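The sequence and structure are shown first.

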Amino acid sequence: MDVEKIRSQIPVLGHTAYMNTGWSGPPPRRVAQAMKDRIDLELEQGPIMPEVLEAGREIQAQAREAAARILNATVDEVLVTRNTTEGLNIVLSGLDWKQGDEIIICDMEHGSVIASAQLIGQRYGVVVKVVDLDYRDSSETILTKIESAFTSKTRMVFISHILYTTGRRMPAEEIAQLTKDRGVLFMLDGAQTGGHIALDMARSGFDFYSIPGQKWLLGYEGSGALFIRREHLERVHPAHTGGRAVVRPVDAHNFRPVPDTMEKFLGGSASVPVQAAFLEATKFIEEIGIHNIEERNLDLADSAKAKLSEIPGVTVLSPSERRDSSGLVSFSVAGQTPVSVVERLWENHRIVVRQVNHPEGVRASLHFFNTEQEVDLLVGGTRELA
Ligand SMILES: Cc1ncc(COP(=O)(O)O)c(C=O)c1O
């Protein structure tokens, strides 16, 4: 991997140690250019001229194919969405819930998981069982905790594949086996995975999976992708729909919905410029290679964790085992609030990190474009504060 060449394509890296891809990744120049080209085309030609419309449809079709490749799913199992959360909500709001059904989540989850599950709970009388985790839990402990939360009423396990707080990679394949054995649905929030680790819906036992475009894929906000395993498509009703989900010509007296495909979830119009950026971003990631990216991110994270843990007063909150790890590295500094560490790393060294809660800490996102020198800058800046 030619890291210097890659870095030269991401302008923000010229002046900033960017370690907040877990929030939003820094766009490469060519990704921004793809969006600008589309905006210019619409500007110069008009958005609905036949050639512009056709080119837009082609971009959307290619974006969907790209999403399917990133997820290793078939195109008919994938929908391009506006973000991770939208995909999760499509599934949750589309299932037929019965009073007393149970959904298992865990307490270290992102608000998108907590809110979407709890809302379904309140609306349909579904019980949301929250499994309490400790950041030091091993995969075996997590599995035991989740397994002991199952009852005969459990209908779904719904967790993040990589926890946004500590970067822990959850034992998803093993949880998939637990759910499969019991006929329970398994939905994963992949906000921290697409473009970060290799995904394989074809071979996994995951039923539903949602990813964003703006984080590790390095696209723009307003794009994402949802996977629904084909066998479940019928049972997910379109809670939101619109003109694109009706067979043409539209006839109010003779409603003909599109066949039972992912198209049934299409509501109104989508942003083609944003999808153009999503498409270009996936190409950028694919050219570098997801396996190369995953390995490099783990190498950078291993190095950061080893060096940070040598600093007196610093506690690394991310797992040490490589199989449980990701490019997200969280740590706390004794006597300092995470917010003040985040602010001072920025003020002193132009390092962009963020604070997280539960456990309270500072989170650095290390993606393939980051360097060992930047890791050293983070470690040195943290040592000064500790
Ligand atoms: C685990 C997790 N879920 C969901 C989200 C929200 O993602 P999106 O804005 O793509 O819906 C985030 C973003 O920070 C996240 O880390």
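## Ligand shell

The shell around the ligand is made up of four nonpolar residues, eight polar residues and one charged residue. Of the 13 residues around the ligand, the ones that come nearest are N83, T85, Y164, A191 and P212. The model is a predicted one, and the totals for linings and interfaces use all residues.

## Domains and their contact

The protein chain is divided into two parts: domain 1 covers 3-27 + 289-385, and domain 2 covers 37-286. Taken over C-alpha atoms, the centres of domain 1 and domain 2 are 27 Å apart. Domain 1 puts 25 residues into the contact, and domain 2 puts in 23 residues.

On the side of domain 1 that touches domain 2, α9 (290-309) and β10 (328-333) each supply at least two residues. The largest share of that side comes from α9, with five residues. By type, the residues of the side of domain 1 that touches domain 2 are 10 nonpolar, 13 polar and two charged.

## Nonpolar core

Which residues touch the most other members of the largest nonpolar core? They are L71 and F158, in a core of 102 residues. Helix α8 (residues 272-288) gives the largest share of this core, nine residues. Because domain 1 (3-27 + 289-385) and domain 2 (37-286) both give residues to the core, it lies between them.

With neighbours within four places in sequence left aside, F158 is in contact with I103, I104, I105, V113, A117 and M187.

## S139 in helix α6

S139 lies in helix α6, which spans residues 139-149. Is S139 buried, exposed or partly exposed? S139 has 17 C-beta neighbours inside 10 Å, and therefore counts as partly exposed. The reasoning rests on two cut-offs: a residue is buried with 20 or more other C-beta atoms within 10 Å of its own, and exposed with 12 or fewer.

Which residues does S139 touch, not counting those up to four places away in sequence? The contacts of S139 are P171 and D324. A separate distance concerns A172, which is 33 residues from S139 along the chain. The C-alpha atoms of S139 and A172 are separated by 9.6 Å.

Technical notes
Residues numbered from 1 in each chain as written. Predicted model: local features only at pLDDT ≥ 70, side-chain atom pairs only at ≥ 80, totals over all residues. Core = buried A, V, L, I, M, F, W, Y, C linked by C-beta atoms within 7 Å. Helix = DSSP H or I, 4+ residues; strand = E, 2+ residues; numbered from the N terminus. Domains from an automatic or database assignment. Contact = placed C-beta atoms within 7 Å. Near = placed C-beta within 6 Å. Nonpolar A, V, L, I, M, F, W, Y, C, P; charged D, E, K, R; others polar.
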